[in-house]
Amino acid sequence: MKPYKFEPYLKTTLWGGYQIAPFKGIFTAQPNIGESWEISGVPGHESVAVDRGLVDDVDLGLTLTQLIDKYKGLLIGQKVYKKYGNQFPLLVKFIDSRQDLSVQVHPDDKLAMERHGCQGKTEMWYIIKSDVGSKIYAGLSQNITPEDYERLASATVPDGSPSGAHSPMQDVIATHEAHDGDLFFLPAGRLHAIGAGNFLAEIQETSDITYRVYDFGRKDANGQPRQLHIEQARDAIDYRVWPEYRSSYDSTKPISQLINCPHFVVHRVVVQVAQQVDFHCDSFVIVMCLWGEANINGIHIRQGETILVPACENVLYIFGNASFLTATL
């Protein structure tokens, strides 16, 4: 089984920019593209297979869910299929933030299942490019109680911003200078927001459950304030203060493990000529190309493209000059 390429879902957002299409080498008149969903099993936005480098390929045009139903553990791994069935467990994106995103939090699996009948959302960000002075907001900078949170999130004070208001919540969220190559792990429960001027890759559990806490007074396309979820977020937030929110890794190695959590394992892989990579796992491998171009298991991939390597053929034989993020279970 050869790797699959899928049609990306380009999502226009209030805060989206103009970098995703050029990065991916595609041409579109679509404005304010904030996200490119590269591989998705989210109902209503399931990825559709478009290329495998085969002639008369009967799998082209099938959704990711249909492919899993057809191949089961051969495609995603026997243990993965036993746990998730036809629901693909990860959602991977490129994100371009021309403006600050809302301050938000995601429920963990237990709370999400109780409230919404689905899994929660743990995620990670790998910053591909950041403008000078760009920020990432992640975690709490000081101890607050759930009662403090409700008071802060519900209050606004006048300031000089276009919206004319400032939320005291901004004063208790940890702010980080963003740099190319930075890594942030965001377990469910951690308050966070992508600051303006960041272009990044996001790998997350398949979930679209978000509790918005603060949105900088932003209005939607109809001129109305976007909905906040202050009460729902109260029980989802991790109120602990951690000494460090930016994750570290060895950027000098050709293969570096970035994240190893129960929901996904992510590596950064840099290849200059040729490399064989075996993660020794019963899982699919997602490969997101961050730079350059290469041939992986017989299919060409270039900057901005993402492929799904089936679990039954998940040793990567890479020829080229490129850097990647890989995600497995």
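The lining of the largest cavity comprises five nonpolar, two polar and three charged residues. These assignments, like the others below, refer to a predicted model. The largest cavity has a volume of about 50 Å³, and the structure holds one cavity of 30 Å³ or more. Rolling a probe the size of a water molecule over the atoms shows where empty space is left.

The largest pocket contains about 430 Å³ of space. Its lining consists of 24 residues, and those that lie nearest the centre of the pocket are Lys11, Trp15, Glu35, Gln104 and Thr210. Two or more lining residues come from each of strand 2 (9-17), strand 3 (33-39), strand 5 (90-97), strand 7 (123-130) and strand 13 (192-194). Of the contributing elements, strand 2 gives the most, with four residues. By class, the lining of the largest pocket has nine charged, eight nonpolar and seven polar residues.

Seven helices and 23 strands make up the secondary structure elements of the chain. The radius of gyration is 20 Å, close to the 20 Å given by the globule rule for 329 residues, so the chain is as compact as a globular protein of that length. The C-alpha trace spans about 60 × 40 × 40 Å along its principal axes. Of the 329 residues, 53% count as buried. The accessible surface of the chain amounts to about 14400 Å², and carbon and sulfur atoms account for 52% of that area. Among contacts with a separation of 6 or more, 75% are between residues 24 or more positions apart.

Ser323 lies in strand 23 (residues 316-328). Ser323 has a relative accessible area of 12% and therefore counts as buried, the cut-off being under 20%. Apart from neighbours within four places in sequence, Ser323 is in contact with Val269 and Val270, and also with Met288, Cys289, Leu290 and Trp291.

Tyr71 belongs to helix 2 (residues 64-71). With neighbours within four places in sequence left aside, the contacts of Tyr71 are Met1, Tyr4 and Asp59. Lys2 is 69 residues away from Tyr71 along the chain, and the C-alpha atoms of Tyr71 and Lys2 are separated by 13 Å.

Lys72 is placed in the loop between helix 2 and helix 3 (73-76). Although Lys72 is not a glycine, its phi is positive, at about 50 degrees. Most residues other than glycine have a negative phi. The relative accessibility of Lys72 is 35%, so this residue counts as partly exposed. A positive phi is also found at His280, a residue other than glycine, with a value near 50 degrees. His280 is located in the loop between strand 19 (274-277) and strand 20 (285-296). His280 has a relative accessible area of 68% and is therefore exposed, the cut-off for that class being over 50%.

Conventions
Residues are numbered from 1 along each chain as its sequence is written. This is a predicted model: local features need pLDDT of at least 70, side-chain atom pairs count only at pLDDT 80 or more; totals for chains, interfaces and linings use all residues. Side-chain values use heavy atoms; hydrogens and water are left out. On a 1 Å grid over the protein atoms alone, a cavity is a set of points where a 1.4 Å probe fits but cannot get out, and a pocket is an open set with protein on both sides within 12 Å along at least five of seven lines; lining residues have an atom within 4 Å of a point. Grid points are joined across faces, edges and corners, and a volume is the space filled by probe spheres set on the points. Ala, Val, Leu, Ile, Met, Phe, Trp, Tyr, Cys and Pro count as nonpolar, Asp, Glu, Lys and Arg as charged, and the others, Gly among them, as polar. The radius of gyration is taken over C-alpha atoms; the globule rule is 2.2 Å times the number of residues to the power 0.38. Buried means under 20% relative accessible area, exposed over 50%, partly exposed in between (1.4 Å probe, protein chains only). Contact means heavy atoms within 4.5 Å. Accessible areas come from the Shrake-Rupley method with a 1.4 Å probe; for residues, only the protein chains shown count as cover.
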